[in-house]
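Hi! Here is the structure I promised to pass on. Have a look at it first, then read my notes below.

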Amino acid sequence: MSATQLSTFSVNGHLFGVEVAVVQEVIRFQPMTRVPLAPAALAGLINLRGQVITAVDLRRRLGFPEQAAGEPAMDVIVRTSDGPVCLLVDRIGDVVDVAQEAFEEPPETLGGIARELIRGAYKLDHALLLSLDVQRAVDLPPLGNGSGVVGATPM
Amino acid sequence: MEDLEEIIAEFLVESHENLDQLDSDLVALEQDPTSRQLLGAIFRTIHTIKGTTGFLEFRRLEALTHAGESLLSKLRDGELRLTAEITGALLTMVDAIRSLLAAIEATGHEGEADHRELIATLVQLQQGGAAPAEQRQRPPATPSSPPVGEVIVEHGGATGDDLRLAMTAQDVGDPRPIGEILVSQGSTTPGEVSLALEVQAERRSVADGSIRVDVDRLDALMRLMGELVLTRNQSVAHAASAGDATLVRASARLNLITTELQEVVLRMRMQPIDSLWNKLPRVVRDLGAACGKSVRLELEGRETELDKTILEAVKDPLTHLVRNAVDHGIEPPQARLDAGKDAQGLLVLRAFHEDGQVNLEVRDDGAGIDPAVIAAKALQAGLVSAEELARMNQREIINLIFLPGFSTAATVTNVSGRGVGMDVVKSNLETIGGAIDVSSVIGAGTSFHVRIPLTLAIIPALTVLCAGDRYAIPTVNLVQLVRLEGRQAQAGIERISGTPVYRLRGNLLPLVYLDQELGVAEPDPVERDTVQIVVLQAEDRRFGLVVDGVLDTQEIVVKPLGSQLQHIHMYAGATILGDGSVALILDVLALAQRAHLAGNGREQARAAPDQADGGRPRAGAALLVASAGRDRQVAIPLEQVTRLEEFPAASVEHVGSRELVQYGEEILPLVRLAGDPGSAAEADDPALTVVVCAPRGRIVGLVVDAILDIVEGGLPGPGDPGGAGHLGAAVVRRRITELLDVEQLVREADPQFYDADAVPAPGGP
């Protein structure tokens with residue numbers, strides 16, 4: 001029996017988990033700089049000790065409604081193939097051990113984009129833990145035209 | 001054992017560097033076969049490698065370097081003269097040493113490669129000299145800095161006996177430096193001594209002036225630096241509120257030192273491009289030899305610094321461009337001679353900082369790229385349609401070579417091969433945010449222009465406000481700041497049917513509203529009482545960027561953006577401002593392109609006045625639409641328009657039948673589009689509206705009734721024959737509009753107009 005440790009956090013009432021090793025650190029919500037013309041799920045840029053890091057709003061990324069105003073978000077810094085990326089989540093949860101046997105396909109109730117970003121689910125005693133595919137979550141598809149790829153032919 | 005491994009690792013790194021230098025030196029030596037300095041340097045390098053290999057018991061390597069060293073010592077002593085054969089053998093030896101080193105690096109052993117033949121060649125070559133003298137055991141040349149006395153003797157400033165005498169004096173207690181003693185002995189001159197000291201310092205700087213640091217350690221230093229900056233910011237903020245004067249002073253100092261430290265750390269990652277280029281002389285030489293061509297390589301801007309990671313990333317694309325230039329660009333010697341060129345081809349590499357970017361040029365004086373060949377090839381490969389081709393100008397056609405699946409090499413050579421084409425070069429450069437462009441003149445050569453962002457570099461930038469956010473603009477793009485207040489704020493900006501322009505000293509400056517371009521504009525903009533225009537220049541395009549406010553200029557550190565943002569071509573990167581918040585750096589060229597300014601820059605039109613096929617605008621070019629007389633609407637290619645002016649009718653002077661206006665220091669001849677003076681429009685309007693054009697670099701003013709619009713022009717439909725003074729007609733703003741042929745108009749009005757340029761005027765009326 002193989003067990004995996006997952007760091008958990010909640011977004012819109014759902015419990016999500018990512019492998020502990022993927023999480024670099026968890027910090028309080030940081031003020032961020034918005035990026036005009038960027039995909040909506042891109043919340044902005046934060047300064048992490050001198051490094052400029054892209055922040056992805058998981059609510060928007062997963063197609064959930066916006067968080068009520070005044071509710072603080074937390075920043076989960078994850079390691080990706082493209083360097084650290086910040087995920088905005090509602091609340092931080094515990095680190096939990098999950099057994100491979102408890103792994104299931106993504107639940108049928110989960111639809112839309114969220115389903116594509118979930119690897120599967122673990123049944124816990126009190127809840128269902130959704131395993132987030134971090135790499136997919138941070139790969140934001142570019143906006144259609146209008147993002148202004150002008151100058152494809154240099155003059 | 002671990003110690004030994006470390007020594008071997010150190011030896012490998014050092015040897016690789018030495019070999020790179022050796023390649024350059026050997027190629028340089030071919031040009032200057034008797035240079036004792038070069039020969040000495042080459043000899044020392046091989047000697048150093050040989051010495052260490054002996055110690056580390058790499059026997060094959062030792063035998064090889066020994067043979068090379070013996071040959072080199074004869075060359076150095078003038079017993080042998082360098083021939084192409086010897087150079088070839090020595091270069092082969094360098095390659096063999098490399099492969100042995102690679103084997104050691106991979107396995108820890110030298111491997112089984114046998115270089116007996118090469119050694120035999122080297123031995124044979126050294127015996128081919130003046131006399132088959134017996135192996136002379138030379139004392140090892142000192143690799144580190146030699147004593148001054150020896151340097152003086154080496155340069156013939158004194159004899160060995162003089163030196164021994166002086167050294168004896170030192171031994172018995174003379175406290176003076178050796179040079180001084182030599183001078184007082186009358187053995188040498190003070191000039192010789194200072195020369196020797198310079199030589200010595202130079203050698204020392206190579207040997208002792210630098211240390212090698214692992215990039216990982218630099219990265220670790222960078223991260224720590226970041227932490228320090230953040231802590232600094234907190235403590236500075238806290239000190240200010242604590243009200244302790246000593247603490248405030250100390251934190252101000254901390255602030256200063258941290259900033260300086262940050263810059264020093266960042267600069268540590270920068271390396272001159274020469275560390276990349278120094279491999280190229282060898283590449284070009286070998287390639288030229290393989291293709292039967294002789295190529296002279298010129299490197300300009302060797303000291304231009306790039307970030308280490310960028311340097312790594314441009315290495316392959318750059319080498320590919322160089323290989324291409326030698327293989328395809330430069331013609332064989334006979335073809336060059338037939339074309340009236342020097343038999344030896346010229347390849348120029350240039351590096352310089354501009355527009356907040358690093359610019360690299362690879363230029364050859366070869367056959368150039370024939371757009372017709374490219375067009376045919378692209379059509380055949382199905383990369384473009386005939387319709388698309390018809391709309392392209394020559395430059396666009398040449399740039400088709402960057403499309404995937406494009407290769408024009410008539411014959412497949414083992415040098416550039418096929419398949420791995422320019423598209424790979426382009427995409428490699430794009431992954432680091434770079435861009436590549438090609439221009440070519442048939443028969444005169446081809447020039448590739450690569451622009452790479454200065455990731456991680458420090459650049460001065462202007463911070464501006466837009467919709468509550470701060471943005472940074474590289475000051476290299478900044479021309480000036482213009483602030484319009486009060487009435488000026490509205491009256492200063494003219495809208496020619498939706499295209500806002502500002503007259504900056506008579507020049508038409510197209511305006512771009514940053515908030516609109518970024519999509520952050522208020523839905524219902526309030527009338528501004530001040531307008532802040534940042535006049536920017538990107539390549540040859542000048543435009544005004546309207547922002548909400550200008551804050552300050554500061555040195556910023558360019559940080560790369562994550563992959564999620566790289567497809568947005570509006571940003572060149574991000575930076576961290578003094579208060580720790582992040583600001584985006586605007587890509588000025590992209591802004592210019594987004595604002596549809598591409599291709600209609602006035603400067604560009606002036607630089608190449610007859611680029612557009614004798615005044616005929618290419619498809620999509622902007623047209624200035626004006627009314628001229630009752631019911632007559634005309635269009636002038638905006639490329640040819642330099643300014644819009646208004647003159648009082650009274651300022652027009654008459655010389656014969658011609659009308660002139662004094663215009664700055666020049667005289668501006670006028671051409672009436674609406675017919676004779678005194679026509680209806682002018683009667684009640686004493687001011688003349690004049691479109692100043694500069695066909696072929698000579699200015700002329702076209703008098704119109706009113707300027708109506710600037711439109712993205714369509715070429716007149718086929719079948720429209722055009723006529724005297726116009727190139728055809730098109731429907732613009734739902735009216736038939738004549739497309740003016742400015743040159744022809746001017747000729748009709750004044751057949752002698754171009755005589756100064758010795759252009760034969762056609763038989764006009």
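**What I found**

Strand 10 (residues 118-123) and strand 11 (residues 128-132) of chain A run antiparallel, joined by five bridges. Before going on, some housekeeping: this is a predicted model, where local features need pLDDT of at least 70 and side-chain atom pairs count only at pLDDT 80 or more, while totals for chains, interfaces and linings use all residues. Residues are numbered from 1 along each chain as its sequence is written, and chains are lettered from A and ligands numbered from 1 in the order in which they are written.

Back to that pair: Gly120(A) has Ser131(A) in strand 11 of chain A as its bridge partner. Strands here are DSSP runs (E, at least two residues), as are helices (H or I, at least four), numbered from the N terminus. Two strands pair if DSSP finds at least two bridges between them.

Both strands belong to an open, mixed sheet of six strands in chain A, ordered 8-1-2-11-10-9. Its edge strands, pairing on one side only, are strand 8 (91-99) and strand 9 (103-104) of chain A.

Chain A also has an open sheet of five strands, in the order 3-6-7-5-4, again with mixed pairing. Strand 3 (23-28) and strand 4 (42-48) of chain A are the edges of this one. From one strand to the next, the twist averages 30° (axes are lines fitted to C-alpha atoms, for helices over the stretch in contact, and angles run from 0 to 180 degrees between N-to-C directions). Strand 5 (residues 51-57) and strand 7 (residues 83-89) of chain A are parallel, with three bridges, and Asp57(A) stands opposite Leu88(A).

Now for some helices. In chain B, helix 4 (residues 84-107) and helix 5 (residues 116-127) pack at about 145°, their axes 10 Å apart.

Leaving aside neighbours within four places in sequence, Leu702(B) is in contact with residues including Ile636(B) and Val691(B).

Cheers!

Notes. Contact = placed C-beta atoms within 7 Å.
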